[in-house]
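Open the model in your viewer and keep the selection panel at hand. The tour goes stop by stop.

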Amino acid sequence: MDIGIKGFDHPVIAVKSLPESHTVYSNLGFTIPPRGSHIEWGTGNWCIMFEKNYLEHRGILDADRYTHGLENFLAEREGLLGTAFRSDLDNRDLYRNALNASLSPSEPRELTRNFELETGKVPVSFRLVFFNKDDVPALMSSLVCEHLTPELLRKPEYLVHPNTAHDIFEMTSVVDSLEGVEEQLKKLFAEDSVVQEMDQIKVTLPDGGVHRVLNQARAEKEGLVIQNVVAPYLSSCGISVEKIEILKTILEQNNVPFIQVGALIRVTPENACGLYLDFAEM
């Protein structure tokens, strides 16, 4: 059932040190806006902005406050904690659609983070619908994010990256078995957008983004297994760049190791805060 999801809003990358992750991703050629700090939670973030989506680095600022399970994830590793999707709907309507699809989401809740600018703190607000992990385990901690103050989030200078990055084109999950996963995904996404193959399931989102769920054999074949991590887990994020040669030059200048995988440039988890980053010129 199509509950109203249009595309990726932001993958959430759990990091143990926000300053260190800032250095890592600066060396990858990204422009990183000022830090944010969640008012209701003890967490903070960097949000690397593109025109219609972004990458979030989330870390703990105050361990004595609620962190939405971040401390449990970071006790084991860094990496992709979950994915926030976007919709053109009011999230209160999307929540009702999810219930009608026999999902068990949390009721819409609002979250505010302070954008810590040089001129002072600017509150940026969201309305969130979190999905139950048991409904679609392959997506881990997934949600839909409705931006209540979108005009405050993106400034033109935040969208210009030295590495020419401009979009998220793909996310991948790894599971032990694909059994039952297609039916789970069809509760979230339009049925004709979910296609099962022998060793993967591909979801094509309305805006053209793709989420692929791989079994272990396919993940090993593609080199997307994260060692010593129990499935299911989110493995990789695909980033569109305008000029792959500019990206390669930046990585070489900053001594960041990378490998060529067909037309892709891949940065491995030890150099990307726990996930594979696949860059493609498109």
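Domain bounds here come from an automatic or database domain assignment. This is a predicted model: local features need pLDDT of at least 70, side-chain atom pairs count only at pLDDT 80 or more, and totals for chains, interfaces and linings use all residues. Numbering starts from 1 along each chain as its sequence is written, and side-chain values use heavy atoms, with hydrogens and water left out.

**Stop 1: two domains**

Colour 5-158 as domain 1 and 165-281 as domain 2. Their C-alpha centres lie 19 Å apart. Now show the contacts between them (heavy atoms within 4.5 Å). On the domain 1 side, 41 residues touch 44 residues of domain 2.

**Stop 2: the barrel**

Switch to cartoon. Helices (H or I, at least four residues) and strands (E, at least two) are DSSP runs, numbered from the N terminus. Two strands count as paired if DSSP finds at least two bridges between them.

Select β1, β4, β3, β2, β6, β7, β8 and β5, in that order: these 8 strands close into a barrel with mixed pairing. Neighbouring strands of this sheet are turned by 35° against each other on average, direction ignored. For angles, axes are lines fitted to C-alpha atoms, for helices over the stretch in contact, and values run from 0 to 180 degrees between N-to-C directions.

Zoom to β6 and β7. They pair in the antiparallel sense over 9 bridges and form a hairpin with 2 residues between them. Which residue of β7 stands opposite T112? Pick S125. Then pick E110, whose bridge partner in β7 is R127.

Helix α1 (residues 18-27) touches β1, β3 and β4, and its direction makes about 10° with that of β3. Helix α3 (residues 91-100) touches β1, β5, β7 and β8, at about 20° to the direction of β7.

Step from β7 to β8. This antiparallel pair has 5 bridges.

**Stop 3: the open sheet**

Select β10, β11, β12, β9, β13, β16, β15 and β14. In that order, these 8 strands form an open sheet, again with mixed pairing. The edges are β10 (194-196) and β14 (259-261), each pairing on one side only. The twist averages 25° from one strand to the next.

Go to β15 (residues 264-267) and β16 (residues 276-281): they are antiparallel, with 3 bridges. R266 faces D278 in β16.

**Stop 4: the largest pocket**

On a 1 Å grid over the protein atoms alone, a pocket is an open set of points where a 1.4 Å probe fits, with protein on both sides within 12 Å along at least five of seven lines; lining residues have an atom within 4 Å of a point. Points are joined across faces, edges and corners, and a volume is the space filled by probe spheres set on them.

The largest pocket has a volume of about 600 Å³. Of its 36 lining residues, show F73, L81, G82, K133 and S141, the closest to its centre. Where does the largest pocket lie? Both domains give residues to its lining, so it lies between them.

Colour the lining by class: 19 nonpolar, 11 polar and 6 charged residues. (Ala, Val, Leu, Ile, Met, Phe, Trp, Tyr, Cys and Pro count as nonpolar, Asp, Glu, Lys and Arg as charged, and the others, Gly among them, as polar.) End on β8, which gives the most to this lining, with 4 residues.
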